[in-house]
Structures are given as structure tokens and as C-alpha cells.
Amino acid sequence: MAQESPKNSAAEIPVTSNGQLDDSHEHSFNRDLKCSLPVGLGLSETKITSHGFDGAKEGVVEAGQFPNKGSSTSPKSSVISPSSAAASRLAGQGCDLIIPTGGRAQQKSGPVVLADEVKNPAMEKLELVRKWSLNTYKCTRQIISEKLGRGSRTVDLELEAQIDILRDNKKKYENVLRLAQTLSTQLFQMVHTQRQLGDAFADLSLKSLELHEAFGYNAEMQKLLAKNGETLLGAINFFIASVNTLVNKTIEDTLLTVKQYESARIEYDAYRTDLEELNLGPRDANTLPKIEQSQQLFQVHKEKYDKMRNDVSIKLKFLEENKVKVLHNQLVLFHNAIAAYFAGNQKQLEQTLKQFHIKLKTPGADVPSWLEEQ
């Protein structure tokens, strides 16, 4: 064993192979420890703390309180430097000793607690569910209060009137769309019947020599009517497609924004009512934080309500401009096509389709050829 200076007389602590103290040398260790302590500090006034050992006490020696026995200077706390084996054992067990490079042992100020900065996903989900439940409860209470006539609601008279007109117009446009689809279906059936009738007249004109001319005239007339009917059918289908886009896409998109605006309005009124109830109650140390939090939530939903109201106003304005433009063109198309068809003006009917850039599909064009199928 290497010789130590008298100042560090307790330099080594015998350790067995399993890390336990050798009981036979415990008395010798206590004697060396007593010699290394400052004057006036007894073993009875010290305590030895250890982490990771069962029964045996080794590690840091902390000086307790002791009376002043006439010494001019207060004695300082003494720290015992363990042997290399004990130091390795203490380091492996996470003891409260830090061995610097100089060989001197330093005592930590206390146990180190590592803060868990990683948020628990389960707690985050629970918090989201709590906020959603609270918001749903407030909104449901506001809706019930409005339906029972007990709660107040925020109303923008001008905007509400525009929304009512839009919903009423949507119902009327849907009715026009259904009627136009019915007309298209009936016209398709009539055109199909006229084409079949023309084919039957043409067949009879070939088999009946005495009625060849009469059957031939009727066959040509039915085929011409069928051709004009297909042209009119193309114009009506184009009208239906444009109105359908206007009703089920453009107007529906605006109404979706209106629904979001109405939801924001309900939330705004719910938190406004909650804030008004808190302001009517007593103001003390318990209610002031609740009032402040309610004021913040009210301000957030007020900003959301104002934003949605502005969005609805802009969309209603653009929708009105788009609706007038689209419907004007489609009504002109519908009028000119119907008039030219029943007037028998085939050129005018074809010119109407060219004016609106409508291309008719050739019968059987969508069916792949025999080579394409192969």
C-alpha cells in the first residue's frame, strides 16, 4: 500500500470482491478517521451518508454542529478522500462525491433533480379534451338559451338579410336545376324516339315501292328533328352544368363560410355571456383570476368572430358579381336555343352553340373502337 501523509491518514478503505466493506478493518478505519478530523470534532458529531450500499457506511463524511471550545477560528468541514477502489465503487453507485483530476474530493451541495422537459402525450390529449368539452358545454348552453328566449345573441342585420336572401335563392335555383334536368331527360327520350322512327321510315321506303317517296320524306324529317334535338340537348346540358356549378359549388362554398361564421358567433356570445355573469358577481381574490382569464378568452373569440364576419361579407359580394355574370350568359343561351329549335331555324341553333363555344359529342364517340379494345 502506498504511504500517505499524516493529513490524509484515512486514504484507503478495504473492499471485498463484491463491493462490501471488510468488517475486520472497520475498527482500524474508524481510528484513522478520528485522527484525520479537525480538533474538537468527534466521531459522535459526524454522520456518514452513502448511496447504493447496504449496511456498510462509506462515502462522504459530513461534519455536524459542534460547540466552540475556545478556538479562535471556526473549524471547517472535513471531507475524506476514499481509496481508488472505494472511489470506483462510489462512482458506479452514483454517490455524492465528485473526484476532480487533482485527486481532492469535493462534496455536492445536494441531490441533483433532472426536470422532465418532455411533455406527456396523454396529458396533452387530456388537456385538449378538457378544453373541447368546456367549449362545447358553453356553446350548447348558449344555443339552448337562445332557443328558449332567455339568452341574447349578436345580430348583424345587414349581413343576416343577405344570408337569408342567398339561402332563398339557392332553393329557387335548385328548383330550376331540377326542372332543366327533367326537360333534358324528356328531350333525350324524344330525340331517341325520333331517330328510331326515322330509321323505320327509311326501311319502309326501300320495301314499299308505291310509298317510297312518302316514307322517304318522313324519314328525312325525323332525322332532321333528331339532329336539331341533339343540338338543343347540348345547349340545355351546358346550361345545367353551369347552373349546377353555381349552386352546388360556388354558393355551397359561401354557405360553408356562413356556417363557420355562425359557429364563431355562437362561441362569441357564449364567452360574452360568461364574462358578463362573472362581472356581475363579487370581485375577490378567487374571482379576479377567473375574470381575467374569461376576458382573454372573450377577446380571442371576438377577433375570430370579426374575421369570419368580414370573410362572409367579401364572399357574398364576389358571389353576387359572379352569379349575375354566369346566369345572364346561361339565360341568353337557353332562350336562343329554345327559340331557334321550335322555329325550325337550324342555322340559328348551330350559331348559338358556336357563340357559347359548345361542342356536341358525336354519338358513340365515347365508345372505344375494336382496335382500341384489343
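This is a predicted model: local features need pLDDT of at least 70, side-chain atom pairs count only at pLDDT 80 or more; totals for chains, interfaces and linings use all residues.

User: Switching to the inside, which residues touch the most other members of the largest nonpolar core?
Analyst: That core has 41 residues, and the ones touching the most other members are Ile 163, Leu 187, Ile 251, Tyr 261 and Val 312. Two or more residues each are given to this core by helix H4 (157–207), helix H5 (212–280), helix H6 (287–342) and helix H7 (346–355), and the largest share, 17 residues, comes from H5.

User: What does Ile 251 touch, leaving aside neighbours within four places in sequence?
Analyst: With those neighbours left aside, Ile 251 is in contact with Leu 166, Lys 170, Tyr 173, Leu 246 and Leu 319.

User: How about Thr 254, is that one buried or exposed?
Analyst: Thr 254, which lies in helix H5, has a relative accessible area of 4%, and because that is under the 20% cut-off, Thr 254 counts as buried.

User: Which residues is Thr 254 in contact with, again leaving aside those within four places?
Analyst: Thr 254 is then in contact with Leu 166, Lys 315, Leu 316 and Leu 319. As for Asp 311, which is 57 residues apart from Thr 254 along the chain, the C-alpha atoms of the two are separated by 9.5 Å.

Notes:
Residues are numbered from 1 along each chain as its sequence is written. Side-chain values use heavy atoms; hydrogens and water are left out. A nonpolar core is a set of buried Ala, Val, Leu, Ile, Met, Phe, Trp, Tyr and Cys residues joined through side-chain atoms within 4.5 Å. Buried means under 20% relative accessible area, exposed over 50%, partly exposed in between (1.4 Å probe, protein chains only). Helices (H or I, at least four residues) and strands (E, at least two) are DSSP runs, numbered from the N terminus. Contact means heavy atoms within 4.5 Å.
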